[in-house]
Amino acid sequence: MRAMAEDMVGVEPRDADFAERAPWWGGDLQTIRNHLIWREQPLPSHPSAVAFPTSDGSGDRLTGTLETPLDPAENPLIVLIHGLTGCEDSAYVRNSARYHLARGRSVLRLNLRGAGTSRRVSGGYYHAGCGSDLQDVLDALGPEKTRSGVFAIGYSLGGNILLNLLARLPRHHRLIGAATVSAPIEPLEACKRIMTPRNTVYQAILLKRMKRDVLSAPSALTDSERKQVQSASSVFAFDDRFIAPKNGFDDALDYYERTAGARHLGDIAVPTLMLHACNDPWIPVLSYRALQDRRLPKVTVILTRGGGHVGFHERGAADTWHDRAIDRFLSGVLGK
């Protein structure tokens with residue numbers, strides 16, 4: 001089985017069979033389904049709140065919930081990394097946690113810096129290239145929790161952050177593999193797409209949530225930064241006026257260029273699965289098609305015709321297609 005997994009690895013995007021679940025046809029309905037019918041339910045686990053210090057001297061901490069399955073088995077720890085304006089309680093994070101817990105895997109539902117409960121203990125705010133924060137989390141977990149290795153999964157912006165980490169892993173890392181779902185691997189192209197007229201409502205919702213998250217952090221902003229955030233009229237302006245200068249970038253274009261996951265894929269040395277839907281209304285599929293001419297031996301890219309943005313609600317299945325695809329990939333990595 002391990003040989004089979006190695007045979008699967010390759011950069012050429014492969015279209016996968018996928019049938020959208022009625023009545024969620026098309027990229028937009030697939031994208032918004034979780035927000036329309038989501039009902040939070042307890043997870044089948046023994047949960048414990050955790051916090052992780054950062055190494056940049058800021059004193060900021062990342063928080064999360066470590067879920068131990070009711071019937072644990074010898075498995076790698078699954079680390080789930082949310083997307084833009086998300087948190088550990090985002091519907092897709094909890095759904096994936098439920099999927100892996102049912103298979104005896106411990107799960108860490110992580111809040112990035114300034115997201116969810118991390119907002120209470122952080123003055124900073126995550127961005128597309130903050131892979132060092134993820135490394136701090138992995139370092140803090142310790143050998144007991146990672147003795148069977150770690151498999152990380154990043155959704156949307158969390159996927160791009162994860163790719164930045166994978167390209168710069170230190171020798172002592174415990175990652176055995178990783179996966180991304182609907183990651184904006186070319187942030188500039190994703191920004192252009194979200195600002196198109198057809199995505200006006202999406203951008204308005206995202207921008208409102210981005211401002212809410214940043215402005216609600218206690219004592220995190222100077223008066224000047226607060227005014228820049230409040231005056232931003234687009235995602236680009238938010239990144240240009242706040243995210244870029246706050247994190248040492250010249251401007252939004254410099255920020256997008258230096259944090260683009262697509263530019264770092266050649267340095268990835270662990271098996272990595274990248275999943276994306278051709279009808280994702282937020283992330284252009286051309287960013288993924290452009291990978292065909294690159295030699296990336298550790299990266300597998302799988303595209304589906306449908307699925308939307310972090311949707312993948314499939315006909316005839318209670319679980320999402322992306323959870324099952326990642327499970328198959330992980331089994332191959334483990335040689336099962």
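In strand β9, both faces are covered, with Val-299, Val-301 and Leu-303 buried on one side and Thr-300, Ile-302 and Thr-304 buried on the other; buried here means under 20% relative accessible area, exposed over 50% and partly exposed in between, with a 1.4 Å probe and protein chains only. The model is a predicted one, in which local features need pLDDT of at least 70 and side-chain atom pairs count only at pLDDT 80 or more, while totals for chains, interfaces and linings use all residues. Residues are numbered from 1 along each chain as its sequence is written, and side-chain values use heavy atoms, with hydrogens and water left out.

Helices (H or I, at least four residues) and strands (E, at least two) are DSSP runs, numbered from the N terminus.

Helix α5 (residues 157-166) is likewise mostly covered, with 10 of its 10 residues buried; among them are Leu-157, Asn-160, Asn-164 and Leu-165.

His-264, placed in the loop between α10 (252-259) and β8, counts as buried because its relative accessibility is 12%. A polar atom of its side chain lies 3.2 Å from the backbone oxygen of Arg-258, a polar contact being a pair of N or O atoms within 3.5 Å in which, within protein, one must be able to donate a hydrogen and the other to accept it, and residues adjacent in sequence count only if both atoms are side-chain atoms. Leaving aside neighbours within four places in sequence, His-264 is in contact (heavy atoms within 4.5 Å) with Asn-164, Ala-167, Arg-168, Arg-258 and Thr-259.

Leu-138, in helix α4 (residues 131-146), is buried with a relative accessible area of 16%. Neighbours within four places in sequence aside, Leu-138 is in contact with Val-150, Leu-165 and Leu-175, and the C-alpha atoms of Leu-138 and Leu-175, 37 residues apart along the chain, are separated by 8.7 Å.

The spaces were found on a 1 Å grid over the protein atoms alone: a cavity is a set of points where a 1.4 Å probe fits but cannot get out, a pocket is an open set with protein on both sides within 12 Å along at least five of seven lines, and lining residues have an atom within 4 Å of a point. Grid points are joined across faces, edges and corners, and a volume is the space filled by probe spheres set on the points.

| Space | Volume |
|---|---|
| Largest pocket | about 640 Å³ |
| Second largest pocket | about 390 Å³ |
| Largest cavity | about 350 Å³ |

The largest pocket is lined by 27 residues, with His-35, Leu-84, Thr-85, Tyr-92 and Arg-209 nearest its centre, and α7 gives the most to this lining, with 6 residues. The largest cavity has a lining of 19 nonpolar, 3 polar and 1 charged residues, where Ala, Val, Leu, Ile, Met, Phe, Trp, Tyr, Cys and Pro count as nonpolar, Asp, Glu, Lys and Arg as charged, and the others, Gly among them, as polar.
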